[in-house]
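Here are my notes on the model below. Please read them with the structure open.

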Amino acid sequence: MVWRSDSAGRIDNAVAVARGVLAALLLPLLVLIAADLALRIASLHMRLVATFAAAVAVPIALAVFAVPHLVGAKIEGVEEEAVLEKAQAVLRRLTALRSVARQSAESALGYEGLQDALRRRDAEDYAAAVAAALRDAERLVTAADGGEVRVALEVSPPPGSGGEPLVFPEQARWTVFKNPLVNMSDAFAKRWSRLYASGVAKRFDAEGWSTSLVVELPLEHAALQEAARAAGGGVQVLLYAPSGFPLAATLDARDQEATPERKRKQAVLRRVLAAQQPIVEPFAMRGNLYTVAYDVLREGADPVCLVATALPRAGTDALVRRVESVSLMIFGVGIVMQFLLAVLVVGGATRRFERTLGRARLATQHTDNAGHDDLTALDEVLRELRRDRDVYRTELAQLHEAVEALSIARSPDEVVEAALGVVRGAIAPWGALIVVGGDRESAELLGGFHGSEGVGPARLRLHEDGVLSKIVRGGREWRGAATEFGDGPARVTIAGAAQRLEAYPLGGVGGPGGALLLLHDAATRPKTYHPEFAAALAQHAGQALSSARLVRLAVHDQESGAYVGKYFEQRLAQEVDHAVAAKRSIAVLLVRVDGIAPGPGGGRDRSRLAAAIRDRAPARAFLGQYESGVLGVAVPETDRAGAEAFARDMQRSASDFGSSPAAVSIGLAACPEDAGSCEFLLAEARRALAGTALESSGDGDAMEDRQRRLVEDARALGAVFRSEKGIHLLETIERIAASNLTILIEGETGVGKEVVADLIHRKSARGARPLVKINCAALPDTLLESELFGYEPGAFTGADRLKPGRFELADGGTIFLDEIGDIPQATQVKLLNVLEDRVVEHLGGTRPIPVDVRVIAATNRDLRGEIAAGRFREDLYYRLNGVGIAVPPLRARKEDIPALARDIVRRAAESAGRRPPEISPDAMDTLYRHPWPGNVR
């Protein structure tokens, strides 16, 4: 296309169009004729000369097309300056639209109807009233600004209240507030093919509630026309996404913007960002030439869109004459260069071509060139090289996937299945077998397939001079005609109907040897593959097989296939840690079946029991020989309800392993419902198994007596826990009291965390020693540190004597740190050192003082949330949380309310010297219905 100015006459335009049409038609025809003649020449040397002669069309193409484009790209300085000024004015006008959107947002937020609806937070129809008022405000803004306006509102509660913000309308959560370009401030936002200018208005009331309102003004045709008028007129404004696609306001130009043009827009955007200034270029659109200034509308450091300010270009006759003269000059230079290149280059190029062809033939061993010239032979060689390259690339990816599949296989059977699956998909032979050596006279067929039929494991007899013996023992690759390999006197043919066989040795250190056998027949055509690929696959399969066998010997019980006890506990501990970190569930079941001998005599029964459990267990479950006669089953991602359903299924299916339901005892525990660590989870499961055994033997009363004793012991110490959750809490206290583990008690205010600490201390071996309590929230930061660790005389103003800290006073006993979540960061560091080193240092002192103290901490805060907010140290949390106890709120254990009420009434009556009154049923009913926000307090 030749760009001519509007001042050119009709005759000149007609001549230019005719010349362009003739060139467009004749040039391809001439090139095709020359190429056809060159291909008919047998001599390579002459063919190249003819090719260079046909290349004379190249300078013509440069003269007709390239030179006008290059000359037309040189835009005069006056046009550049004018379009740059207009582009800057357009960009300023578009940027100012954010202020307009913000003013609209402030006007809408100040709408009295909306403010009145926002103040009625306690009304039941609060959300509906706010939504209706927001629609009225949106109509007001739409009427004021014209066109489409998007309005969204977010009402947020005071920080720390725990409430969730309300968003109106609901879909605005995705289109406005979660848009990273908006981020609750004035911004530009691009969604799909539309661009919006967003303005935000915010208000806060006296109670700490915040209201944010966003108004989005779309940048449509009217906005772009207004920007063009602001620049003085005479320009067209176009917007493009960073991908180069025109935005909605510019979609009328889509038919002129094909994929190459969009890619050019992307390149222009990168150039503008790199140059940090506008770029001016010529651009042809709808048959007219424009001078276009490209600039970027930004949002912070990120580009939102590419702004093109197009100014119609005023062409000149001088430009046309210059194009024609330059075209003629290039044409002449091209003719001269064509002859020089033909003379100087053809000889050298011919020799290089012949050498290259010879090397390519050697690389592919291509010798069948009869009836072909050199170019055809080279084409065939290159095709073979490309096919070979594609095969190698595919094999590399398949081998990578095979290594991953083999690495996760845990048993020899899984290794064989994974290896055969790769062979089926990557090689697709008629059959495949995996054979390993046994003793001197036999081998073991681990598995394989013949066509669509599978081949199961079998023992094979080896003949000393037979081919199979040489393959298995020799460790070398073998190829040849398929031979019958005998399996005992029956002479069962393992090669089947195969006609050709390939053998590749298995890898692995210290193994008995073996091979991967590939079987081929006449009807089945395998995929193209390299022998190196099959050999590498066999090596990795052998290594995975050796590893799986070692793992099976080390961690699997040979009779049942379950994990040995130590490895089962190790694996369970890992799964529990993962579940706690990911806040997921995991259950463990301990299964005992009466009648199965614990020694070698019960091996077959244990194997049948393990197989029956595997058939019904979820996919990720694993088994282990936990104790003598007890089989452990770990079920990840299963809560207590799911574990109980699984246990009931095993009870119903007890006949599958030769037992009655009454003979099967199952104890289960779930994390986090019953315990938060592997040790306590197993302890809870053992307790449940023991309780099941008591119930089945008719001794269930013993369990009730033990629970009754726990309740009475706690009652004697002033604690009332009679509900199921309360008894479970007492059982937990009973288990952990004797240890020296650090304990973290969590629960709402008033649930009785201090009472739980008293119970733990009195039931522990330190019960006769002091229990020192300190409320960390009740003391100022400066006083708390001196109270905990003590101080030396002169440590600070007023320190006139030596004062021991609470840790020293609790030496040999227990210290209770209440409201541990409120201690400052500096004190957290010192407390962590005390927990790690078991020594304290006085303020102002340098001598470490050893202390033997058990630490019990309590808090009503969410310490994990405090850690995420950076207010509590994570290492201190894990030091304190040796054992975690969650005290349920009173509303979750309302069975304790009658006993608590009677106890409180009794103590009040005794203090007044009166007889305790009875609590009426109506009063008790009222107590049950009360939500008890303050719990027992």
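**Backbone and packing notes**

1. R838 sits in the loop between helix 24 and strand 26 (839-840). Helices (H or I, at least four residues) and strands (E, at least two) are DSSP runs, numbered from the N terminus. R838 has a positive phi of about 60°, although it is not a glycine. R838 is partly exposed, at 31% relative accessibility (buried is under 20% relative accessible area, exposed over 50%, partly exposed in between; 1.4 Å probe, protein chains only).

2. This is a predicted model: local features need pLDDT of at least 70, side-chain atom pairs count only at pLDDT 80 or more, and totals for chains, interfaces and linings use all residues. Residues are numbered from 1 along each chain as its sequence is written, and side-chain values use heavy atoms, with hydrogens and water left out.

3. A428 also has a positive phi, about 55°, and is not a glycine. Its loop runs between helix 12 (412-426) and strand 10 (431-437). A428 is partly exposed, with a relative accessible area of 22%.

4. Check the peptide bond from C671 to P672: it is cis, with omega near 15°. P672 lies in the loop between strand 20 (664-671) and helix 18 (678-696).

5. Helix 22 (residues 781-789) and helix 24 (residues 825-837) have axes that come within 11 Å and cross at roughly 10°. Axes are lines fitted to C-alpha atoms, for helices over the stretch in contact, and angles run from 0 to 180 degrees between N-to-C directions. The two helices are therefore roughly parallel (angles under 35 degrees).

Notes:
Angles under 35 degrees count as roughly parallel, over 145 as roughly antiparallel, 65 to 115 as roughly perpendicular and the rest as oblique.
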